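I opened the notebook to look up how this chain is put together. My notes follow in the order I took them.

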Amino acid sequence: MRILVVEDEINLGSAICELLKEQKYQVDLIDNGDDAVTYAMLQEYDVMLLDVMLPGKNGFDVVRELRQLHNQVPVLMLTAKDDVQDKIQGLDSGADDYMTKPFSSEELLARIRALSRRQGEVVLEELVFDDLTFHLSNHNLTCNGKSIHLGYKEAEVMKVLMHHLNMIVSKEMLIAKVWGNESDVEENNVEAYISFLRKKLRYLGSSVQIENIRKVGYRLEKAYAS
């Protein structure tokens with residue numbers, strides 16, 4: 001599970017991250033509201049832990065903006081205030097749960113598990129772009145009646161590309177999402193899997209192709225006949 005922690009109290013943020021890493025979660029820590037929106041839109045997180053009082057956008061503004069952008073990451077808001085009106089404001093802004101500092105490690109982990117289960121109730125069965133359909137349940141790519149199975153890493157790379165259709169996906173982002181931030185995988189591994197996927201797209205006869213944006217990354221594009 002991947003978690004975004006947004007907390008400007010350095011000691012508390014570091015302590016939360018250590019706790020989550022002990023549970024084998026992947027964790028990103030940032031200390032301001034402006035970056036919170038950017039990170040949440042560029043990465044897929046299972047849960048966001050969001051402090052209310054932040055530099056830049058406050059927590060209420062962050063979750064409100066994410067919901068306006070149709071980002072439904074489960075948000076657990078953290079605050080030093082034990083005020084009913086603050087809790088109401090947070091929930092009305094689009095937060096899913098609320099905890100008042102100080103809190104126990106056990107309760108925090110339990111709340112995170114509950115939010116991740118809640119998110120799991122809504123599961124997409126397939127991703128579609130133009131004539132291409134990626135079936136998440138069995139990792140099959142289909143196009144015009146033809147089908148081909150993707151290996152695990154191929155499927156993970158394709159999933160990232162199809163979740164970010166209007167964005168350029170960098171090699172660094174693919175490594176982080178498919179292999180993990182702690183991985184020693186090199187960029188040529190990414191290039192190899194992109195090559196495998198391109199061959200499978202050609203086999204299917206799909207009009208979708210993986211475009212290489214030089215020195216930036218990749219994105220899915222529809223190939224138009226010249």
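**Entry 1: the antiparallel sheet.** I needed a rule before reading any sheet: two strands pair if DSSP finds at least two bridges between them. I also noted that I am working with a predicted model. With that rule I looked up an open sheet of four strands, in the order β6-β7-β8-β9, with antiparallel pairing. β6 and β9 are the edge strands, and each pairs on one side only. β9 covers residues 146–149.

β8 and β9 run antiparallel and are joined by four bridges. I picked out T142, whose bridge partner in β9 is S147. Next I checked what lies on the sheet. α8 packs on it and touches β7, β8 and β9. The direction of α8 makes about 160° with that of β9.

**Entry 2: the parallel sheet.** What is the strand order in the open sheet of five strands? I read it as β2-β1-β3-β4-β5, with parallel pairing. β2 (26–30) and β5 (97–100) stand at the edges with a single partner strand each, so one side of each has no neighbour in the sheet. The twist averages 20° from one strand to the next. I looked at β1, residues 2–6, and found five bridges pairing it with β2 in the parallel sense. V5 stands opposite L29 in β2. As background, I wrote down that strands of a sheet pair through backbone hydrogen bonds, either parallel or antiparallel.

**Entry 3: the cores.** I turned to the nonpolar side chains. In soluble globular proteins, such side chains tend to be buried together. The largest nonpolar core here has 29 residues. F134, L141, V157, M158, L161, I210 and L220 have the most contacts inside it. Several elements supply at least two residues each, including β6 (126–129), β7 (132–135), β8 (140–143) and α7 (171–179). α8 (187–204), β10 (208–213) and β11 (217–222) are also among them. The largest share, six residues, comes from α6. I also logged a second, separate core of 20 residues, which includes L50, V52, M77 and A95.

**Entry 4: α6 and M158.** α6 has twelve residues. From its first C-alpha to its last it reaches 16 Å, close to the 16 Å expected at 1.5 Å a residue. Which residues of α6 are buried? I listed E154, A155, E156, V157, M158, V160, L161 and M162. Two of the names on that list are glutamates, E154 and E156. I then took M158 by itself. Setting aside residues up to four places away in sequence, M158 touches F134, L141, L150, L197 and L220.

**Entry 5: the loop between β6 and β7.** I looked up two residues here. D130 lies in this loop. D130 has a positive phi of about 55°, although it is not a glycine. Is D130 buried or partly exposed? D130 is partly exposed, because its relative accessible area is 40% and buried means under 20%.

D131 has its place in the loop between β6 and β7. Its relative accessible area is 21%, so D131 counts as partly exposed. Leaving aside neighbours within four places in sequence, D131 is in contact with T142, C143, N144, G205, S206, S207 and V208. I checked one of these pairs. D131 and G205 are 74 residues apart in sequence, and their C-alpha atoms are 9.6 Å apart in space.

**Entry 6: other backbone points.** N144 sits in the loop between β8 and β9. N144 has a positive phi of about 50° and is not a glycine. N144 is exposed, with a relative accessible area of 61%. I also looked up a cis peptide bond, which joins K101 and P102 with omega about -10°. P102 is in the loop between β5 and α5 (105–119). I noted these points because most residues other than glycine have a negative phi, and most peptide bonds are trans.

**Entry 7: the whole chain.** I closed with the totals. The chain has eight helices and eleven strands. Its C-alpha atoms fill a box of roughly 60 × 35 × 30 Å along the principal axes. Of the 226 residues, 46% are buried. The accessible surface comes to about 12100 Å², and 47% of this belongs to carbon and sulfur atoms. Among contacts between residues at least 6 apart in sequence, 55% join residues at least 24 apart.

Key. Residues are numbered from 1 along each chain as its sequence is written. This is a predicted model: local features need pLDDT of at least 70, side-chain atom pairs count only at pLDDT 80 or more; totals for chains, interfaces and linings use all residues. Side-chain values use heavy atoms; hydrogens and water are left out. A nonpolar core is a set of buried Ala, Val, Leu, Ile, Met, Phe, Trp, Tyr and Cys residues joined through side-chain atoms within 4.5 Å. Buried means under 20% relative accessible area, exposed over 50%, partly exposed in between (1.4 Å probe, protein chains only). Contact means heavy atoms within 4.5 Å. Axes are lines fitted to C-alpha atoms, for helices over the stretch in contact, and angles run from 0 to 180 degrees between N-to-C directions. The expected span of a helix is 1.5 Å times one less than its number of residues. Accessible areas come from the Shrake-Rupley method with a 1.4 Å probe; for residues, only the protein chains shown count as cover.
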